[in-house]
Amino acid sequence: MSERQGQILGAGGALLGLGLGLCLGLAALSPAAAAPSSVVLSCAVAYLPQRSTWVREVRIDWDHKAVRRLRIDGVEPHGFSLLPDGVMTALDNERIQIDLRTRQWQSDFRGHATGQGRCENAPG
């Protein structure tokens, strides 16, 4: 994380700062940007054992202090956690982890099915 990004983050915790730094990196913002911003990812996820592929849209919104909103396919989960390399959340019975550094999606449906895929920046 650049010194300027650290200044933008203020006194937030290291975990929050790292998560926000990853979002800033994905959006390829200039270090001076502090206005509310967002990144949109398109994730092609292969689900097993069904052998079906679904394209999932992930939108992460933040301001100069923190990640403010996470939406998956337009649905805002009740909550989310920032991980050192990404975010973790759940929608319905699907537990989802998105690694923002490697742009990987991993999910599971309580042991009944799994999903893995790759994410790319999408027009937002």
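This report describes a predicted model, covering its confidence, its sheet and its disulfide.

## Basis and confidence

The model is predicted, so that local features need pLDDT of at least 70 and side-chain atom pairs count only at pLDDT 80 or more, while totals for chains, interfaces and linings use all residues. Residues are numbered from 1 along each chain as its sequence is written, and side-chain values use heavy atoms, with hydrogens and water left out.

The protein chain has a mean pLDDT (the predictor's confidence in each residue, from 0 to 100) of 79, with 71% of its residues at 70 or more. The pLDDT is below 50 over residues 1-18, a stretch that has 25 contacts (heavy atoms within 4.5 Å) beyond near neighbours in sequence. Residues 23-32 also have pLDDT below 50, with 21 such contacts in the model. Where pLDDT is low, the predicted coordinates should not be read in detail.

## The disulfide

The structure holds 1 disulfide (cysteine sulfur atoms within 2.5 Å), which joins Cys43 to Cys119 with an S to S distance of 2.0 Å. Cys43 lies in strand S1 (residues 37-48) and Cys119 in strand S8 (residues 114-121), 76 residues apart. Because the torsion about their S-S bond is about 105 degrees, the disulfide of Cys43 and Cys119 is right-handed.

Methods. Helices (H or I, at least four residues) and strands (E, at least two) are DSSP runs, numbered from the N terminus.
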